[in-house]
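The entries follow in the order in which I looked things up.

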Amino acid sequence: MRKQESEEANRNVNMETATSDQSLITILDDIKSSKSPAVINYGASWCGVCSQMFPAFQKLSNSFQRIKFVYADIDECPETTLHIRYTPTFQFYRDGEKIDEMFGAGEERLNDRLWLHS
């Protein structure tokens, strides 16, 4: 039942997942050529804080439909995430430019940043 609930919750998620360096490069190129706001969540499967924040990130993706949400696991995208020093790291983009960055947990902090940049 739990897996089915999780799959149902994920169906409405406004989020794209980078599964390789090439897919992250493509996503970043799309973000840089777009006028729409975006947020990238850089995390790792072994990171406890990332695991705590991921459900909140998914939930917020449904609340902020105008923002493009992206998840990138640093182990699946090792070459394109060399600049990431802390997980989770959230990077915010507007008009193709990175305008803000947030490190660590805090659903309310993330919500506030998303509201600010939406």
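**Salt bridges.** I counted 4 salt bridges in the structure, taking a salt bridge as a side-chain nitrogen of Lys or Arg within 4 Å of a carboxyl oxygen of Asp or Glu. I note that this is a predicted model, in which local features need pLDDT of at least 70 and side-chain atom pairs count only at pLDDT 80 or more, while totals for chains, interfaces and linings use all residues. Residues are numbered from 1 along each chain as its sequence is written, and side-chain values use heavy atoms, with hydrogens and water left out.

**Glutamate 16 and lysine 68.** I found these two side chains joined in a salt bridge, with 3.3 Å from N to O. The pair links distant parts of the chain, since glutamate 16 sits in strand β1 and lysine 68 in strand β3, 52 residues apart; helices (H or I, at least four residues) and strands (E, at least two) are DSSP runs, numbered from the N terminus. I then looked up accessibility, where buried means under 20% relative accessible area, exposed over 50%, and partly exposed in between (1.4 Å probe, protein chains only). Glutamate 16 is partly exposed at 33%, and lysine 68 is partly exposed at 25%.

**Glutamate 107 and lysine 59.** In this salt bridge the closest N and O atoms are 2.8 Å apart. Because glutamate 107 lies in helix α4 (residues 107-117) and lysine 59 in helix α3 (residues 48-63), the pair ties together parts that are 48 residues apart in sequence. Glutamate 107 is partly exposed, at 33% relative accessibility.

**Lysine 98 and glutamate 101.** I recorded another salt bridge here, at 3.6 Å from N to O; lysine 98 is partly exposed at 43%, as is glutamate 101 at 26%.

**Helix α2.** Asp21, Ser23, Leu24, Ile27, Leu28 and Ile31 are buried in α2. Seen down the axis, these buried residues fall within an arc of 160° (taken from the directions from the helix axis to the C-beta atoms), so they line one face of the helix. Their cover, with contact meaning heavy atoms within 4.5 Å, includes β1 (15-18), β2 (38-43), β3 (68-73) and β4 (89-94).

**Cysteines.** I looked for disulfides, meaning pairs of cysteine sulfur atoms within 2.5 Å, and the count came to 0. Cysteine 50 is buried at 6% relative accessibility, and cysteine 77 is buried at 0%.
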